[in-house]
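Dear colleague,

Please find the structure below, followed by a short account of what was found in it.

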Amino acid sequence: MAILDRYLFNAIAGTTALVILVLLALGSLIEFVGQLDEIGEGNYDMLAALQFVALKIPRLVTNLLPASVLIGALLGLGALASSSELIVMRAAGVSAMQLAKAVGLTGILIAVCGGIVSEFLAPQMDLYARQMRAVAMSGDADMAGTSAWLRDGDLIFNVRPPVDGADQGGVFLFRMGKSGTLAGIGRGDSAQSDDATWVLNNFRESKFSIAGVKIGWEVEREKVSQLSDLLALTAVRDSSLAGRELWSYIKYLQANGLESERYEIVFWSRIAAVVGVAIMCVLALPFVWGSLRSSGAGARMIIGVLIGLGYFLLNKTLADSAAVFDLQPFLVAWLPTAMLGGIAVIGLLRLR
């Protein structure tokens, strides 16, 4: 079976790579066209726009991978079916389940590669791409935008946008009392990272009580230290967070009674998408063995595009409906992949 595994892997991986390249070219073109209106602002020129698109490629790859694997598997296995090679394999004693196992192994290997890109490469490059564009568009002016708000227990922090690499600008602290009333207000000139902790420079707090206002209270240093990772997480989108960082942010939101459903959906959807890649690969086998056996590459590609588009639309529809119908994030993220798995199992059972 090792020879058969390698043969099927080469057939599927080769066509999948070609499909990814084609879809990636189209996706990059669309991304570049979307940047044309921004060219000319500050120092954001044509070269910077091309750099931005190039940095977004890993994120595009992870988004396109499920559909690309399905189309690639349909084309690769379809070519084997058209030349009767799958029939020869069955005649040689290879069962449908053995074929499915070999195809599934190929899907798992591709899924692992996609998961590595999604976890270790795409978030960092996506974050750098947006930061590079923001700096270029700002020209020589200071960065502007909304400030970041953080909550940790009874403390609420407001951090101004970064001014330079280390200085986070002015920091405001609002301390809430047990009854929800304002118990204190503090301000620091800046917050700077000092190894694993954050140092508030020239910080003073005014604390309110029944007796009056007391000025000069220092904020507890350990409270600020606990927020060191969250100061970096809050300023980025979920697309710029690795899985471990996204999970840490979810736990932070839950611990402070804040809404975390949207981020939970993103977290579980990433895992489901990796599993979906392997399922997409297996799903192609019943199609090429049955109705698409004698069809051309065009028909197989259309089927792959339709299934991939349906998978994408179902994911988006469920994600947008989660808040309206109060659906569980885990269910929303895994339902499309579970449906694909069920269809693949039913299709394989019909081949026996």
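With which side chain does the side chain of D126 make a polar contact? The partner is the side chain of S239, at 3.1 Å; a polar contact is a pair of N or O atoms within 3.5 Å, and within protein one must be able to donate a hydrogen and the other to accept it, while residues adjacent in sequence count only if both atoms are side-chain atoms.

This is a predicted model, in which local features need pLDDT of at least 70 and side-chain atom pairs count only at pLDDT 80 or more, whereas totals for chains, interfaces and linings use all residues. Residues are numbered from 1 along each chain as its sequence is written, and side-chain values use heavy atoms, leaving out hydrogens and water.

D126 lies in helix α5 (residues 96-138); helices are DSSP runs of H or I with at least four residues, strands are runs of E with at least two, and both are numbered from the N terminus. D126 is buried, its relative accessible area being 1% (buried: under 20%, exposed: over 50%, partly exposed in between; 1.4 Å probe, protein chains only). Leaving aside residues up to four places away in sequence, D126 touches L55, K56, R59, S239 and S240 (contact: heavy atoms within 4.5 Å).

Yours sincerely
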